[in-house]
Amino acid sequence: MNRETGAESRAASGAEGVVLRRARAADARAAADVWLRSFAAALPTVVRPRSDTEVRAYFRHVVVERYETWLAEEADGAVAGVMVLEGEELSQLYLAPERRGRGIGDRFVALAKERRADGLSLWTFQVNAPARRFYERHGFTPVEWTDGERNEEREPDVRYVWRPRRS
């Protein structure tokens with residue numbers, strides 16, 4: 001990450017040519033489209049309560065405007081991933097399906113931990129075993145399991161927490 005501006009992060013391994021940068025208003029549609037494609041690929045059994053149009057409007061009017069939203073942008077300008085931080089919560093981390101397994105998610109988590117050095121929490125659906133393994137590999141611990149009653153999808157979920165190790 002560029003420590004002077006906090007605006008970009010480049011990596012030399014696994015995701016060459018991909019830049020992590022803060023989203024701007026003009027990026028909302030591309031970020032929402034990555035979210036939609038990723039959700040469909042990763043969670044085919046989870047029923048979305050919002051239409052594509054509603055998701056795009058939410059990204060445009062809420063996510064990018066109100067929250068710390070980051071994009072993984074390829075050299076050609078294509079958006080390969082989106083990460084959203086809401087306070088201490090890592091509220092969104094979605095990758096374009098064809099870009100999974102290339103280190104972008106690892107970079108997003110490292111950036112989130114840098115930006116929220118005191119700790120992070122997040123929710124993921126219980127059926128999303130790959131996401132659960134990913135977060136556990138990155139030091140997140142499951143602390144709460146629910147029946148889904150409190151989320152829009154009514155899908156059982158799990159809350160994870162990461163706290164830095166203190167010496």
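Select residues 52-66, which form helix 2: its 15 residues reach 20 Å from first C-alpha to last, close to the 21 Å expected at 1.5 Å a residue. The expected span is 1.5 Å times one less than the number of residues, and helices (H or I, at least four residues) and strands (E, at least two) are DSSP runs numbered from the N terminus. The model is predicted: local features need pLDDT of at least 70 and side-chain atom pairs pLDDT 80 or more, while totals for chains, interfaces and linings use all residues. Residues are numbered from 1 along each chain as its sequence is written, and side-chain values use heavy atoms, without hydrogens and water.

Next, select V55, R56, F59, V62, V63 and V64, the buried residues of helix 2. Buried means under 20% relative accessible area, exposed over 50%, and partly exposed in between (1.4 Å probe, protein chains only). These residues pack against helix 1 (28-42), strand 3 (68-73) and strand 4 (79-86).

Now select E68. Its side chain meets that of R115 in a salt bridge (2.6 Å, N to O); a salt bridge is a side-chain nitrogen of Lys or Arg within 4 Å of a carboxyl oxygen of Asp or Glu. E68 lies in strand 3 and R115 in helix 3, so the pair ties together parts that are 47 residues apart in sequence. E68 is buried, at 10% relative accessibility, whereas R115 is partly exposed at 29%.

Conventions:
Contact means heavy atoms within 4.5 Å.
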